[in-house]
Amino acid sequence: MPQQVIAMASGMAVGAGQAGCMCGAFNGGTMALGLFFCRTEPRGPEDPQSVKCLQLTRELHDWFKEANGKNTLCCRVLTHQFTLSPEEHAQ
């Protein structure tokens with residue numbers, strides 16, 4: 001994985017900048033889908049690669065909410081019952 005990709009994801013920790021909001025695992029999954037399935041040049045909203053990437057991201061979104069049993073992408077809600085240190089949370 002290029003170091004730039006890791007650097008780009010650094011702000012996702014603990015719900016986007018430690019705000020407790022959007023789950024970093026979901027954000028990371030979205031980035032991974034873009035890395036493998038999306039376009040690299042602007043070709044408009046009808047570009048087949050863009051359409052496919054958006055479709056896969058929506059599928060991930062819906063699956064993630066259902067699979068976590070809490071129907072949310074909110075890190076604060078997802079980790080409410082945990083008492084993990086920052087080091088443990090990152091693993």
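Reading along the sequence, you'll find the protein chain follows the pattern α-α-α-α-α. This is a predicted model, where local features need pLDDT of at least 70, side-chain atom pairs count only at pLDDT 80 or more, and totals for chains, interfaces and linings use all residues. Residues are numbered from 1 along each chain as its sequence is written, and side-chain values use heavy atoms, leaving out hydrogens and water.

**Exercise 1.** Work out how many helices and strands the protein chain has.

*Solution.* Start with the rule: helices (H or I, at least four residues) and strands (E, at least two) are DSSP runs, numbered from the N terminus. On that basis the protein chain has 5 helices and 0 strands.

**Exercise 2.** Describe how helix 2 and helix 3 pack.

*Solution.* Take the angle: helix 2 and helix 3 (residues 48–67) pack at about 155°, and their axes are 10 Å apart. Axes are lines fitted to C-alpha atoms, for helices over the stretch in contact, with angles from 0 to 180 degrees between N-to-C directions. So helix 2 is roughly antiparallel to helix 3 (angles over 145 degrees count as roughly antiparallel).

**Exercise 3.** Is Met1 buried or exposed?

*Solution.* First locate Met1: it's in the segment before helix 1 (3–9). Next, check the cut-offs: buried means under 20% relative accessible area, exposed over 50%, partly exposed in between (1.4 Å probe, protein chains only). Met1 comes out exposed, because its relative accessible area is 62%.

Note on methods: Parallel < 35°, antiparallel > 145°, perpendicular 65-115°, else oblique.
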